[in-house]
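Here are a few notes to read with the model open beside you. Take the points in order and find each residue as you go.

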Amino acid sequence: MKLVIASGNPGKLREFGELLAPLGWEAVAQDALGVPECSETHCSFVENALEKARHASRCTGLPALADDSGLCVRALGGAPGVHSARYAQTSPSEAKDDEKNNAKLVAELAGFTAPADRRARYVCVLVFVRRADDPQPIIAEGEWEGVIADAPRGTGGFGYDPWFFLPELGRTAAELSPEEKNRRSHRGQALRRLAERLRTLAEAEYDGDGAPG
Ligand code: IMP
């Protein structure tokens with residue numbers, strides 16, 4: 001069974017491919033099938049992921065898997081949220097820049113010193129559709145709680161990881177090995193939940209009208 005992955009990120013393509021292969025799915029990147037990038041205009045992770053998955057399926061006629069993720073900070077009312085990748089961007093043509101995003105996050109939190117205000121969570125939503133108009137998409141979420149640190153630490157991970165402090169470990173996400181991060185992270189949790197749902201999918205065959213058949 002072939003499935004299109006609605007992402008151009010090589011790291012995600014590898015992770016998704018590894019997850020899907022044992023379940024009998026052959027994952028193909030949307031770029032390889034000529035799928036144009038889809039805009040992410042919604043205000044929730046699930047809506048963005050759903051739109052990306054439906055778009056990739058519509059363009060290819062294949063089942064599709066998409067994800068959307070970001071960092072939500074309590075004192076900032078959930079920002080940067082769905083805008084995490086482009087938080088510091090001032091025009092649509094400007095490239096994504098992790099360093100600038102982190103500088104903006106730190107500046108926005110300057111007046112907040114209490115750990116409770118600096119509480120944050122990473123969120124990841126994965127959406128799988130059997131076809132573009134699938135009435136029952138499979139949705140898997142993961143959340144990872146932390147605190148925005150006073151100073152960056154560590155060189156691993158990417159994005160906001162050097163600032164994402166895990167009080168129970170006494171380390172930031174950038175100080176974890178890839179395995180340690182995958183075991184705990186929002187993306188790792190969502191992937192494991194999705195894998196569980198896909199494992200049972202073959203048992204619940206659909207007859208095309210959305211009703212179990
Ligand atoms: P997207 O899911 O590729 O749209 O990524 C959203 C953005 O959220 C990334 O560019 C990062 O800024 C942030 N983000 C999501 N997951 C992580 C993570 O595990 N570590 C650090 N930043 C993340």
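1. Begin at the start of helix H3, where a side-chain oxygen of aspartate 97 comes to within 3.0 Å of the backbone nitrogen of glutamate 99. Please keep in mind that this is a predicted model.

2. Now follow helix H3 along residues 98-108. Which of its residues are buried? They are Asn101, Asn102 and Leu105. Looking down the axis of H3, you will find these buried residues within an arc of 95°, so they line one face of the helix.

3. Turn to the face of H3 that points away from its buried side: the exposed residues Glu99 and Ala107 are found there.

4. What covers the buried residues of H3? The cover includes strand S3 (64-73) and strand S5 (138-148). Keep strand S5 in mind, since a tryptophan from it comes up below.

5. Next, look for lysine 104. This residue lies over the face of tyrosine 87, 4.4 Å from the ring centre.

6. On to the aromatic rings. How many aromatic pairs does a search of the whole structure find? The search finds four. In one of them, tyrosine 122 and phenylalanine 164 have ring centres 4.2 Å apart and planes at 35°, so this pair is tilted. Tyrosine 122 belongs to strand S4 (residues 119-129) and phenylalanine 164 to strand S6 (residues 164-166), so the pair ties together parts that are 42 residues apart in sequence.

7. Are these two residues buried or exposed? With a cut-off for buried of under 20% relative accessible area, tyrosine 122 counts as buried because its relative accessibility is 6%. Phenylalanine 164 counts as buried too, at 0%.

8. Phenylalanine 164 also forms an aromatic pair with tryptophan 144, and this pair is tilted, with 5.4 Å from centre to centre and 50° between the planes. Since tryptophan 144 lies in strand S5 and phenylalanine 164 in strand S6, the pair ties together parts that are 20 residues apart in sequence. Tryptophan 144 has a relative accessibility of 5%, so this residue counts as buried.

Key
Residues numbered from 1 in each chain as written. Predicted model: local features only at pLDDT ≥ 70, side-chain atom pairs only at ≥ 80, totals over all residues. Heavy atoms only, no water. Buried < 20%, exposed > 50% of the residue type's maximum accessible area, 1.4 Å probe, protein only. Helix = DSSP H or I, 4+ residues; strand = E, 2+ residues; numbered from the N terminus. Arc of directions from axis to C-beta. Contact = heavy atoms within 4.5 Å. Polar contact = N/O pair within 3.5 Å; in protein donor to acceptor, adjacent residues only side chain to side chain. Phe/Tyr/Trp six-rings, centres within 6.5 Å; stacked < 30°, edge-to-face > 60°. Lys NZ or Arg CZ within 6 Å of the ring centre and 35° of its normal.
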